[in-house]
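Good morning, everyone, and thank you for making time for this. Please have a look at the sequence and the structure before I go on.

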Amino acid sequence: MEILIVDDHHLLLNGTIDLVRDRFPEARAIATQTVEETLDRLAKRVPDLVIADLSIPDTPVTQAHTSNGLKLLTALMEQYADLNVMVQSSHIKSLVRILPDIENHQGGFTVADKSLPVSEFVTRMEWAIAGVTHTKDLQSDLEFKPEWLETLELAFKEGLQDKAIAQKMYKSERSIRHYWTKIQDALGIYPEDGKNIRAVTQIRARELGLLD
């Protein structure tokens, strides 16, 4: 058995390797620390399980971001439909951004917050290897379209106003304004005296994991 562990924090990485070896002494535990290194490794051999953090760097010279981990997961699920995956992260809420991909994935997929007890971590690792899906922690009736997510990111990550967002997305400003009404309705945010509705939207989006 081969288990690939993706984490750029040496202390946490070593701790996960120890847990894997304690539970599966016969397993070969391999570590990668970036998106680039992980994809290169899987191109050579597909492991029985990937345990991945979300906040990782794209390359050795870039900063760690949750979006990199989401990008990696999306690529893995697209290229390796039967791959067993376990996400171990302090940012599991952000997985709501790729829920459709997770729901369509044919391999095992489990989620473990880093605050979980060791016994629960081991259980979810075993489930993932067995091909079990456990995403109860992510259950949400939130339906969020890709263009709405892109609007949020351009507004709150890049600081763009609606005109610039429209140009970036090749849409009309009217379409962008329409997206905002849909976004705010999905988040349950409506005009209220004394409140900045865009600011409230940003706060709520971060609470739900739609933004880092």
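I will begin with the protein as a whole and then turn to one helix.

What you see is a predicted model, in which local features need pLDDT of at least 70 and side-chain atom pairs count only at pLDDT 80 or more, while totals for chains, interfaces and linings use all residues. Residues are numbered from 1 along each chain as its sequence is written, and side-chain values use heavy atoms, with hydrogens and water left out.

The secondary structure comes to nine helices and eight strands, where helices (H or I, at least four residues) and strands (E, at least two) are DSSP runs numbered from the N terminus. The C-alpha trace spans about 60 × 30 × 30 Å along its principal axes, and of the 212 residues 44% count as buried, with buried meaning under 20% relative accessible area and exposed over 50%, partly exposed lying in between, for a 1.4 Å probe and protein chains only.

Now to helix α7, residues 162–169: which of its residues are buried? They are Asp162, Ile165, Ala166 and Met169, and they lie on the same side of α7 because they cover an arc of only 100° around the axis, the arc being that of the directions from the helix axis to the C-beta atoms. On the other side of α7, Lys163 and Gln167 are exposed. The cover over the buried residues of α7 includes α6 (146–156), α8 (173–186) and α9 (197–207). After α7 comes tyrosine 170, which has a positive phi, near 60°.

How values were computed
Contact means heavy atoms within 4.5 Å.
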